[in-house]
Amino acid sequence: MAGYKQILFVCTGNVSAQAPGQVTRDVKMFEDAMTQADQGKYEEAVKGFELLIQSIPTSPIIPQARFRVGYTYYLAGEYDKSVAAFEDLQKQRNIDAATLELAANMIPQILLAKASKLPPDNKGRENAFSD
């Protein structure tokens, strides 16, 4: 779990003012959702990230939680939901430039992954590869 805290620090700065060894509620919720995703429990992970977003909307890790919603849908093979989540993230305020860029770069990859799962003669596949 310590790795997630380091990633959060790099992406968002100090996640919260907390005493050493003490974990704030938002960080705990994020870590729990990450654990669910790591275990392949994608539906539960998405619910965890969304609960964090709704429960503590002012947390400095909300941009990462929003990103993780889209990425977790991608891992689950829910490509349309993943694209929708990343598009929604791009419409939010107070999202750092690095997270916005990552989200924008994920969308073409998701569309290609979706297309690669379609039969070769499917028109949707051809359209995705040409976009």
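Predicted model: local features only at pLDDT ≥ 70, side-chain atom pairs only at ≥ 80, totals over all residues.
On the α2 side, the contact is formed by Arg25, Asp26, Met29, Phe30, Ala33, Met34, Gln36 and Ala37. The α3 side contributes Tyr42, Glu44, Ala45, Gly48, Phe49, Leu51, Leu52 and Ser55. By class, the residues of this contact comprise 10 nonpolar, 3 polar and 3 charged.

When neighbours within four places in sequence are set aside, methionine 29 is in contact with Leu51, Leu52, Ser55 and Ile56. Methionine 29 and serine 55 are separated by 26 residues in sequence, and their C-alpha atoms are 10.0 Å apart.

Helices α2 and α4 pack at an angle of about 15 degrees, and their axes are 12 Å apart. Because angles under 35 degrees count as roughly parallel, α2 and α4 are roughly parallel to each other. The crossing of this pair is left-handed. Phe30, Met34 and Ala37 of α2 meet Gln64, Ala65, Arg68 and Thr72 of α4. The residues of this contact divide into 4 nonpolar, 2 polar and 1 charged.

Helix α4 also packs with α6, which spans residues 97–116. The angle between α4 and α6 is about 10 degrees, and the distance between their axes is 11 Å. That angle makes α4 roughly parallel to α6. The contact involves Pro63, Gln64, Phe67, Tyr71 and Tyr74 of α4, together with Thr99, Leu102, Ala103, Met106, Ile110 and Ala113 of α6. This contact of α4 with α6 has 9 nonpolar residues, 2 polar residues and no charged residues.

In soluble globular proteins, nonpolar side chains tend to be buried together. The largest nonpolar core here has 18 residues, among which Phe30, Phe49, Leu52, Ala65 and Val69 touch the most other members. At least two residues of this core come from each of α2 (25–38), α3 (42–55) and α4 (62–75). Helix α2 gives the most, with 6 residues.

Alanine 65 touches Phe30, Phe49, Leu52 and Ile53, residues up to four places away in sequence not being counted. A second, separate core has 11 residues, including Phe86, Ile95, Met106 and Ile107.

## Alanine 85 in α5

Alanine 85 is located in helix α5. With a relative accessible area of 15%, which falls under the 20% limit, alanine 85 is buried. Apart from its neighbours within four places in sequence, alanine 85 is in contact with Val69, Gly70 and Tyr73. Of these, Val69 is also one of the residues that touch the most other members of the largest nonpolar core.

The C-alpha atoms of alanine 85 and tyrosine 74 are 9.8 Å apart, and the two residues lie 11 places apart in sequence. Tyrosine 74 is also one of the α4 residues in the contact with α6.

## Asparagine 94 and its backbone

Most residues other than glycine have a negative phi. In asparagine 94, by contrast, phi is positive, near 60 degrees.

## Overall organisation

The chain has 7 helices and 0 strands. From the N terminus, its elements follow the order α-α-α-α-α-α-α. Of the 131 residues in the chain, 36% are buried. Among contacts between residues at least 6 apart in sequence, 46% join residues at least 24 apart.

How values were computed: Residues numbered from 1 in each chain as written. Heavy atoms only, no water. Core = buried A, V, L, I, M, F, W, Y, C linked by side-chain atoms within 4.5 Å. Buried < 20%, exposed > 50% of the residue type's maximum accessible area, 1.4 Å probe, protein only. Helix = DSSP H or I, 4+ residues; strand = E, 2+ residues; numbered from the N terminus. Contact = heavy atoms within 4.5 Å. Nonpolar A, V, L, I, M, F, W, Y, C, P; charged D, E, K, R; others polar. Axes fitted to C-alpha atoms, helices over the stretch in contact; angles between N-to-C directions. Parallel < 35°, antiparallel > 145°, perpendicular 65-115°, else oblique. Left-handed = near helix turned anticlockwise from the far one by under 90°.
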